[in-house]
Amino acid sequence: MAGFKVTCRAFFMLSALHFHPFFPSTEGRSLVSHGTRFLLRRTHRVPLSIVGISTKASAATAKDVDPAKIAANLVALIGSEEEARSVDPDLAEELLSCLRFLVPRVVSRRGFESRDVKISYGIEETRQGFESPKWMAAVQDESVNNLIWWPPTSVMELARSAVEWGGDHSVIERALNSIHYPVPDIEHCIEHKCQLTRTTFGRRFVNEELNLYMAFLFETISSLAPSAGFNVSLNRYDLFHGHLFLATNTGRLGILFHAKEYPAYNKETFPFHLGYCQTGSFVAYDCSMNLRNILWLAPLPDCSNRKCSSQWLAPGALVVLDAQPGGIIFEDLVGQWVQDVRTIYEDDFGDVIFDVNYLNVANSASENKIFLC
Ligand SMILES: *[C@@H]1O[C@H](CO)[C@@H](O)[C@H](O)[C@H]1NC(C)=O
C-alpha cells in the first residue's frame, strides 16, 4: 500500500494546483446539457468554449501523442505472445507499471485449446448475489479468475465471431433480442431529472448467459477493487456502465468500464457541476479517481487463417488502468480536457458498439440489471 499513498499525495497536489475558482461558474448550468454525461463520451466532450477557463498547463500545449496508438499497444500487451512482443520494450514497461490486474495476468503462449468451460459459478449462484458466502468461496478457490481467463462458451463464441468477422458490428447486434426493456428509475433518477443512459430503453442478449456474464463483470470489479486499493460501489454515481467495443485492428471484444462517474460537488476538492445526475452524489473525489478506468478483454481467438481455429492466443483479462499523474496512462491516454476526472475515452480502444449499463434495481436478478444502450 505504500505505493498507493504516494499516488494519493501526488493526486491532491495536482488538484490543489489545477482547480480554479472560475471553472464551476457556469451560472448554475451544468457543463453539458441535461441528461448527457460529459465525463465520458468523445461526442460529449466539454465544449471548446469553456476550455479557455481550464487552468491546465498541459491543456495549452497540444499533445502529439495519439491516445489510440497507446491504447492499441496496451491491448497488444495483454494479447497474444506475438502481439505483446511487437510492443516497444520501453513502452511496454511503462504501460505495465500502470496496470493493476484484478485477476493475475497470464502471459499467453500460442495454442490454447478451446475448452467447453462449464462454470461451477453458474446462474444459480449469481441469483444469490455476489455478497453470498458461496461467491466469496468462488473468489478464494479461483473460479472467478478462471471465469475471466476462460469465460463461458457463449462469451467465447461471441469473442470468436467478432474477430472472425473483422470487428463487424452486426456480429454483436445479431446476438441481441428484439425486446426494448424500459430503463427503470433507480435511486431517484426521475426525481432529480437525471437520465443515466443514452436511450430510455435497453436491449439484452438473446443468450441469458451473456447477460449474466455482463453482470458478473460488474460485480467482480466491485468485489475485487479493494485488492487494487480502492472501493467501487454498484450505484448510479459510481459504477453503473461500461462501453463495449471491438478493438482496432483485431476486432477483439472488450469493455471499458468507468467507475466514479459522478463525484459529489465539493467547493474545495471537486468544484464542478456535472448536471442533474450528480445531485445527491456521495462519491468522494479522492485519489481513487486514478483507478476509475477498468478494462475487460475477452480471450483472443486464433484467426491467423481466414477461418478461426479452435485455438486461443490469449486468455481474457480484467485490469485497472492506473491514471496517476506522471504515469503514461495519465499523460498519454487520459483525455486532454478531462484530466481532473481521469477519463479515458472508449473510442480510443476501438469501435464502440453500445454502453453496457448495470442498473442496480433491488430484488432483481443480476442478468435483469443489464441494459445495453
Ligand atoms: C473501502 O471500504 C472499506 C469498508 O467500508 C474501508 O474499511 C476501507 O478503508 C475502504 N478503502 C479505501 C481504499 O477507501
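Predicted model: local features only at pLDDT ≥ 70, side-chain atom pairs only at ≥ 80, totals over all residues.

**The sheet**

An open sheet is built from seven strands in the order S1-S10-S7-S6-S5-S11-S12, with antiparallel pairing. Strands pair here if DSSP finds at least two bridges between them. At the edges stand strand S1 (99-101) and strand S12 (370-372), each with a single partner strand, so one side of each is left without a neighbour in the sheet. From one strand to the next the twist averages 25°.

S1 and strand S10 (residues 317-321) run antiparallel and are joined by three bridges. Phe 101 has Val 319 in S10 as its bridge partner.

Residues are numbered from 1 along each chain as its sequence is written. Helices (H or I, at least four residues) and strands (E, at least two) are DSSP runs, numbered from the N terminus. The protein chain has 13 helices and 12 strands.

Helix H4 (residues 67-77) packs against helix H6 (residues 89-96) at an angle of about 85°, and their axes are 10 Å apart. That makes H4 roughly perpendicular to H6, a term that covers angles of 65 to 115 degrees. The axes are lines fitted to C-alpha atoms over the stretch in contact, and angles run from 0 to 180 degrees between N-to-C directions.

Which residues meet there? From H4 they are Asn 73, Leu 74 and Leu 77, and from H6 they are Leu 91, Ala 92 and Leu 95. Contact requires C-beta atoms, placed from the backbone, to lie within 7 Å. By class, five residues of this contact are nonpolar, one is polar and none is charged.

**Helix H10**

Helix H10 (residues 153-164) has 12 residues and spans 16 Å from its first C-alpha to its last. Its buried residues are Val 155, Met 156, Leu 158, Ala 159, Arg 160, Ala 162 and Val 163; buried means that 20 or more other C-beta atoms lie within 10 Å of the residue's own. These residues pack against several elements, including helix H12 (208-224), strand S5 (241-247) and strand S6 (253-258). After H10 comes Gly 166, with a positive phi near 65°.

Finally, buried residues make up 43% of the 373 residues in the protein chain.

Note on methods: Parallel < 35°, antiparallel > 145°, perpendicular 65-115°, else oblique. Contact = placed C-beta atoms within 7 Å. Nonpolar A, V, L, I, M, F, W, Y, C, P; charged D, E, K, R; others polar. Expected span 1.5 Å × (residues − 1). Buried ≥ 20, exposed ≤ 12 C-beta atoms within 10 Å, placed from the backbone.
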